[in-house]
Amino acid sequence: MQNTNKWLPYLYIAPCLIFLALFVYYPIVENFFYSFYDFSAFSVEKTFVGFENFLNLFKDEVFYIALKNNLWYALISIIFQVFGGLILAAILEDKLIRLVSGLFRTVFFLPVVISMTVIALLFTFVYNPDIGILNGLLNMLGLENLTRAWLGESETAIFAVIAVSQWQSIGYIMMLFIVAIQNIPQELYEAADIDGAGKIRKFFSITVPQVKEMFFVTTLITLTGAFTVFNEPYILTGGGPGNSSEVLGTLLYHSAFGKDQMGYASAVATVILIITLIVSLVQLKVFKTGKDV
Amino acid sequence: MKKLLILSIISILFLSFFAGCSKSSSSTNGKDVVELKFFHRWPNQPKKQYFEKAVKEFEKAHPNIKIKTEAVLNDSYKEKIRVVLGSSTPPDVYFSWSGEFAYNFARQGQSLDLTNYVNEDKAWSDQIIASQFNAFTLDGKIYGIPWSTDGKAFFYNKKIFKDLNLEVPTTWSKLLDVSKKVKAAGLTPITFGSKAPWTISHYIGTLNQLMVPQEVIDKDYDPKNPEGDFSHPGYVKALEKFMELKPYFNKGVNSVDHEYSRELFNSGKAAIGFFQLAEIGLIEPSLKEDLGVFNVPGVEGGEGNANSITAAPEGIMISSKTKHPKEAMEFVKFLTSKEKGTEQLKEVSEYSAVKGTTTEANASKLQQEAINLIVNAEQTYLWFDTAVDIKIVDAYLNGTQLMLDGKKSPEDVMKDVRAAAKEVKASAK
């Protein structure tokens, strides 16, 4: 029976594979070829232009603004979501507040289940220069000189957008770390207790090394998320003022559907793909995942 | 045996899945019922309901035609219409702004030449204000039927003006004076929101027409005329004039959208706002008789025509790929009939492009006054963001947003615009 069904396993995974190929891999390859052409959404013919789209892209200052904003996104997300999420998780798993940690877990996790569009619209009110709660709070604290049009000034726009993402996503990363921490054998902590280790020592010597695998997963999630981000800047600022809060995702969108430069947009998409591929390859190497747990 | 069974089950599942995908579209096609796809840009009320009702009425009168409506809002419409027209199943009937926006479809061969239909049925087409066809006419051919017409003007709060003893400004410097006094009284002089930057483009379009001579504008806006290079000094001055208003805008204009600025005006906290005449229907209910309208005042030293207004029709086009041009035209005629035009103003406060549809019966006094701004203007100009090539608009809008943020000077913005214009005109040749 066993050897007659040699092909059966493949048959079972075939639907999944076919759909993946059709809806994920085929478009990626197709997009790669599109990036060598110049065409608009309804032009009948595509003009082959070789690497011109890429050359123009690397000459385009908006591309560098977008790339810089994505790098900020990545850096800040790693600091707040991954490190912040780990610390939060460790605190919530501490014996002292275990009783109420369920409540906190829910509170931190709640933003994750709200639609990004809703959150972004909510935050346009928070950031409103006249009636926004943020400026209102600053006024109440006597910090009037710190109030500003957070989304309307080129220096603060992208950071205001990044802050929203942190608020939303930290709960998710925290949850992943909580799961990882719960899997750590209690004996390790008990042994440390006997040795007289303090809480901070236990955190660095037991918790951090034990959740290393989850560390890899969460950095991969946040980094790829940071380079493919679209919803938050699109709804909150639309890339503006000017191009100051443009990220690669919105640049792609504006080139394709605003300026109708489909080939150029494909080139942007290809660059995003290459960046995220490099990021994950580097991480695979650094963390050497799967080789030891 | 078992293997065969599994295989057949899987293949049945598979096939039924694909069959399920394709089935839905063909079954609705009855005997000789023609299905038309209609794409417009008002998924919001009250216009959504207005069109739903219109479609029902039309289907009742034409039992052989079924209409499938789809709608997305403004900015998304601009993007989506380009994509769906490029697809193999474009909408048969669709909305379009006038000018370059519509010409673009015509040049790409995406819209049907309607000249014959217009000439054949004079009884219907003569009812439409003739000048409104211009914005849909390219190389002598008519590609769109004007549905609505609209203009842009300053709205003001009469109560604030009365309380502060102010007069309606007749020149640009008087406008600044008025604004100064309103600001001194602790109110917002001019309400504005430029998060979605098309609002800036309406100021720019209007100021350009006040500062720059007509011939120069014609040359510069035409995407195919290589002589138009936006080098006239009036363009920079127009931006400078715009920046003179900045101290009188509400705080942080780049971070609030147009709807917010309208609400600010509705709440009576702002004295002036720059709105479309169609928005009277949205503002009059809150401000009532306190709402007044005046045309943008002429600028001292401007080289353009002061008695002009930014006003343009919006229209309906038919896809060149449609299989039922006759039925589609029938529907367009229905929407642009006098009967529908009269209903239109009352129900959705859009001025119809059909003659004599704005009357005491269906319009407020202010709405009649407002439509006269368009009728009495010596010259009308199209919406700037649909009048010029998208790349030039883009350079303008990104630049002016940064200009409002203090990051760019008017001269810097024009430098970007000239570069964009050069690129556009080089590729048009």
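This is a predicted model: local features need pLDDT of at least 70, side-chain atom pairs count only at pLDDT 80 or more; totals for chains, interfaces and linings use all residues.

Student: Where do Tyr77(B) and Trp97(B) lie?
Tutor: Tyr77(B) belongs to helix α3 of chain B, residues 74-86, and Trp97(B) to strand β3 of chain B, residues 93-97. The two are 20 residues apart in sequence, so the pair ties together separate parts of the chain.

Student: Are they buried or exposed?
Tutor: Tyr77(B) and Trp97(B) are both buried.

Student: What about Phe154(B) and Phe294(B): stacked, tilted or edge-to-face?
Tutor: That pair is tilted, because the planes are at 35 degrees, which falls between the limits of 30 and 60. The ring centres are 5.5 Å apart. Phe154(B) is in strand β6 (residues 144-157) of chain B and Phe294(B) in strand β9 (residues 291-294) of chain B, so this pair links distant parts of the chain, 140 residues apart. Both Phe154(B) and Phe294(B) are buried.

Student: Which residues form an aromatic cluster?
Tutor: One cluster is formed by Phe38(B), Trp42(B), Tyr50(B), Phe51(B), Phe58(B), Phe95(B), Trp147(B), Phe331(B) and Phe334(B).

Student: Changing topic, which charged residues sit over rings in chain A?
Tutor: Among them are Lys46(A), over the face of Phe39(A) at 5.1 Å from the ring centre, and Arg148(A), whose charged end sits over the ring of Trp150(A), 5.8 Å from its centre.

Student: Now the contact: how many residues does each chain give?
Tutor: Chain B gives 32 residues and chain A gives 38 residues. Between them the two chains bury about 2,900 Å², and 60% of that is on carbon and sulfur atoms.

Student: How many salt bridges and polar contacts cross the interface?
Tutor: There are two salt bridges between chain B and chain A. One of them pairs Asp394(B) with Lys259(A), with the closest N and O atoms 3.4 Å apart.

Student: Which element gives the most to the side of chain B that touches chain A?
Tutor: The elements giving two or more residues to that side are α1 (2-27), α3, α4 (100-107) and α18 (390-404) of chain B. α1(B) gives the most, with seven residues.

How values were computed: Residues are numbered from 1 along each chain as its sequence is written. Chains are lettered from A and ligands numbered from 1 in the order in which they are written. Side-chain values use heavy atoms; hydrogens and water are left out. Helices (H or I, at least four residues) and strands (E, at least two) are DSSP runs, numbered from the N terminus. Buried means under 20% relative accessible area, exposed over 50%, partly exposed in between (1.4 Å probe, protein chains only). Rings of Phe, Tyr and Trp (its six-membered ring) pair if their centres lie within 6.5 Å; planes under 30 degrees apart count as stacked, over 60 as edge-to-face and the rest as tilted. A charge sits over a ring if NZ of Lys or CZ of Arg is within 6 Å of the ring centre and within 35 degrees of the ring normal. Contact means heavy atoms within 4.5 Å. Buried area is the accessible area (1.4 Å probe) that two parts lose on being put together, summed over both. A salt bridge is a side-chain nitrogen of Lys or Arg within 4 Å of a carboxyl oxygen of Asp or Glu.
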